[in-house]
Amino acid sequence: MTTESSTTTDRKKTMRMPSVAIVGAGMSGICMAITLLEAGVTDVTVYEKADDVGGTWRDNTYPGLSCDVPSRFYQFTFAKKPDWTHLFSPGAEIQAYFTGVADRYGLRERIRFGTEITQATFDDPRWRIRTSAGKEQTVDFLISATGILREPRYPKINGLTDFAGAVMHSARWDHSVDMVGKRVAVIGTGSTGVQIVCGLAKSVGRLELFQRSAQWILPVPNLAHTAIDGPIHRLLPLMNQLGYDGNRHVFEELAKGLVRPGWRRSFVQQVCRANLRTVRDPELRRKLTPDYQPMCRRLVVSAGFYRAMQRDNVDLVDLAIDHVEKRGIVTVDGRLHELDAIVLATGFDAHAFMRPMNLTGRNGLSIDTLWAAGPKAHLTVGLPGFPNFFMLIGPHSPVGNYALTAIAETQADHILGWVQRWRDGVIDTVAPTPEATERFNAEMREAMPNTVWATGCTSWYLGKDGLPELWPWTPDRHRDRLRAKPDFDDYDVRLA
Ligand code: NAP
């Protein structure tokens, strides 16, 4: 058996500086870069295909955008913002926060903007990475921080390109289109569609929400913070800490309801059902009633959605779309819904992860071969056959209604541990073994039936095998597991 200490004793090396490439300058890439820099790992380059930091918060600018995780929790522990304006602050404020953090830590000079990594090949013991401009570079560690909801999913609807008005995906909002007083369709009833309905309902002339399946809605009012809230939190950092810890505690308690039956699950489900009863018109209520348990899909948080849906200028269309023509959407009953704009709130390819980047590990193993049956990882961060490669917000990360910032911090600390072992000469390359990865995935499959996500519904949570691609335990277990000293028997550790 190899242990960390025995390996260290066997072979001491002088401290050396690893070179690290991070793909993506979104929330998790920023988190990883800062974690490395703060630990003295300074040879860090971040590759970002767009021209600014922020990832999903840069890409999404639709009306009504906010984060449904309270801002006091959806932030980095090492860079707490005292003066969030709302319980769930708007998207632009969150984007300004991440750009501000990147600036404060001097990240911009380390980010290669407008540079996409198209190919990464493990060339023992280093990674050879190639950019879209054809430039090559080698690094000791490659870290994917490409986000989970990045590749917009466009629906296959006949005739969509024939439409004479504006068509846009929610993540590619076209601000040149003035929707005030216009006839607008929103397709999709996920968190995004619901936020857009709330954001547009008052200003458009007519809004039609095209629903393929109904969603359960948890009504949490988005309270504005008072003017003295910011100064108080700035003056008393303990308040900031309490705000973070208090929210984290609530979310971890609620997460218990997601992963096992019990009173927490029943409580949230009852709140959702009671919320639905606030819809006065029985016909509209019937249409808005999902045919699965609350929380089976990612819970949509909105205090204003049902109110918006009951406005005179808002209609719910629950008939399937047959096709689109020049003047609008035609539903299966043959009715033409005349429109000026169509918004596609149709979600993302949540299973793409770092792809289309072409990733090749040891002995020519490609990511498409490794993931032929769907994305799988060890402890959410490592891949067998891909030494010195790590992921943030990778497969099975605990992403369901929790702060991704907290998950990214946990994963970044774990990855830093391996980079430090390299720096200390304990390892040259490390990858989880196929056996350990399979054991971990089997453990997850065994736990999955207890979760609410496996109670019978379709959603982007489900992988190719029909099983949720989520962490089937509470987020604190993820934190504990990744913080624990690694069992070296689970890793293929090599010294050059
Ligand atoms: P989503 O949850 O995947 O919802 C996509 C919607 O589009 C669904 O209602 C889907 O219908 C519908 N749809 C897809 N193709 C369609 C078609 N061809 N015809 C008609 N309808 C179609 O996507 P999302 O709303 O963008 O949310 C994705 C995730 O982003 C969320 O779950 C959440 O994790 C995150 N998000 C978070 C926030 C936040 O505040 N933190 C805000 C927005 C989004 P079906 O349901 O029938 O498939």
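Predicted model: local features only at pLDDT ≥ 70, side-chain atom pairs only at ≥ 80, totals over all residues.

The points below take up the ligand site, the surface, the salt bridges and the backbone in turn.

1. Polar atoms facing the ligand. In the side chain of S213, an N or O atom is 2.4 Å from an oxygen atom of the ligand. For W460, a polar side-chain atom lies 2.8 Å from a ligand oxygen. S191 takes part through its backbone, where a polar atom is 3.2 Å from an oxygen atom of the ligand. As for cover, the ligand taken alone exposes 910 Å², and the protein buries 86% of that area.

2. A nonpolar patch on the surface. The residues I228, I232, L235, L236 and M239 form a nonpolar surface patch, and their accessible area together is about 480 Å². One of these residues, I232, belongs to helix α6, residues 229–235. I232 has a relative accessible area of 33% and is therefore classed as partly exposed.

3. The lysine at position 81. K81 sits in the loop that runs between α3 (56–59) and α4 (91–104). Is K81 buried or exposed? Its relative accessible area is 18%, so K81 counts as buried, the limit being under 20%. The side chain of K81 also makes a polar contact, at 3.1 Å, with the side chain of D83.

4. The search of the whole structure finds 34 salt bridges. In one of them E338 pairs with R183, and the closest N and O atoms are 4.0 Å apart. E338 lies in strand β16 (residues 336–338) and R183 in strand β9 (residues 183–187), so this pair ties together parts that are 155 residues apart in sequence. Both partners fall in the intermediate class of accessibility: E338 is partly exposed at 41%, and R183 is partly exposed at 34%.

5. K256 and E253 form a salt bridge in which the closest N and O atoms are 2.7 Å apart. Where do the two residues lie? Both are in helix α7 (residues 237–259), three residues apart, which is about one turn of the helix. E253 is partly exposed, its relative accessible area being 23%.

6. R327 forms a salt bridge with E325, with 3.0 Å between the closest N and O atoms. R327 has a relative accessible area of 46% and is partly exposed, while E325, at 23%, also counts as partly exposed. Elsewhere, salt bridges that share partners join E48, R58, D59 and R172 into one network.

7. Cis peptide bonds. The peptide bond from D124 to P125 is cis, with omega near 5°. P125 is placed in the loop between β4 (117–123) and β5 (126–131). The bond from R355 to P356 is cis as well, and its omega is near 15°. P356 is found in the loop between β17 (341–344) and β18 (358–360).

8. L379 is not a glycine, yet its phi is positive, at about 55°. It is located in the loop between α11 (367–370) and β19 (389–391), and with 7% relative accessibility L379 counts as buried. H396, likewise not a glycine, has a positive phi of about 70°. This histidine is in the loop between β19 and α12 (404–423).

Note on methods: Residues numbered from 1 in each chain as written. Heavy atoms only, no water. Polar contact = N/O pair within 3.5 Å; in protein donor to acceptor, adjacent residues only side chain to side chain. Areas by Shrake-Rupley, 256 points an atom, 1.4 Å probe, with all protein chains shown as cover. Patch = residues over 30% accessible without salt bridge, like charges linked within 9 Å, V, L, I, M, F, W, Y side chains within 5 Å. Salt bridge = Lys/Arg side-chain N within 4 Å of Asp/Glu carboxyl O. Helix = DSSP H or I, 4+ residues; strand = E, 2+ residues; numbered from the N terminus. Buried < 20%, exposed > 50% of the residue type's maximum accessible area, 1.4 Å probe, protein only.
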